[in-house]
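The report below is written for a reader meeting this structure for the first time. Please look at the sequence and the fold before reading on.

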Amino acid sequence: MIDINYCSQKGLCDTNQDFILCKQLQDGSCIAILADGMGGLQYGEIAAATVAQSIYKILAEHNSVDIRELLAKAFEQADIAVADKCKALCCKMGAAVTVLYIKDDTAYYAWQGNVRLYYKKEKGIHQLTEDHQKEGDNCTFLTRCVNGRGFRNPISIQETKISDMDLLFLCTDGFYQSKDCIDSVIVENKLPSRIEYLEDDASCILIQLHNP
């Protein structure tokens, strides 16, 4: 049995450029996608929604095939969808995204950028994703994202075995950089009841596995 909860709060910008999409399929599988529109580019909220919705469509419609191949195809289609949006709006846009696909006793995950996936079990907290970013002069920039320009490196796709009573959560940098937010999940196994004084949009998808 899988319980899904999520939260998303706008930071100082006029719009929330995070986008959450999570659903359970009829076969009991679970798809959770969290996208974060890139700062410094245009239409971050549209980019995040375009990436998440495009990936979900591919995963939900073709879930009977090899999941690793399916994730790679989904990212390729998301990149094409962003390219089409850029052309239509005459702009540059992009998004960081992490996708979690739970099927039976395995969690498959793929990502571009710095949306993190954590796994909490008896032995502690594990960050499953690695941030695709570098520190520059007075700034941090992403080295990978979905921006409609193709991928110079293969999509990062991994898998891990999971068991009952484990907890997984995806979160954007605005969430994990807030001590109150991240402590609420790590210490109390729950989303924060209230988030205050956030500079950046903060979003989290919390997935709890239970015995049936």
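## Helices and sheet

Helix α1 (residues 44–61) lies across β2, β3 (30–37) and β4, and runs at about 160° to β3. Helices (H or I, at least four residues) and strands (E, at least two) are DSSP runs numbered from the N terminus. This is a predicted model, in which local features need pLDDT of at least 70, side-chain atom pairs count only at pLDDT 80 or more, and totals for chains, interfaces and linings use all residues. Residues are numbered from 1 along each chain as its sequence is written, and side-chain values use heavy atoms, with hydrogens and water left out.

Helix α2 (residues 67–89) lies across β4, β5 and β10, at about 25° to β5. Angles run from 0 to 180 degrees between N-to-C directions, with axes fitted to C-alpha atoms, for helices over the stretch in contact, and contact means heavy atoms within 4.5 Å.

The open sheet has 5 strands in the order β2-β3-β4-β5-β10, with antiparallel pairing; two strands pair if DSSP finds at least two bridges between them. Its edge strands, β2 (18–24) and β10 (156–161), each pair on one side only. Within the sheet, 7 bridges join β4 (residues 95–103) to β5 (residues 106–112), and L100 has Y109 in β5 as its bridge partner.

## Cysteines

The structure holds 0 disulfides, a disulfide being a pair of cysteine sulfur atoms within 2.5 Å.

| Cysteine | Nearest cysteine sulfur | Distance |
|---|---|---|
| C90 | C91 | 7.8 Å |
| C171 | C204 | 5.2 Å |
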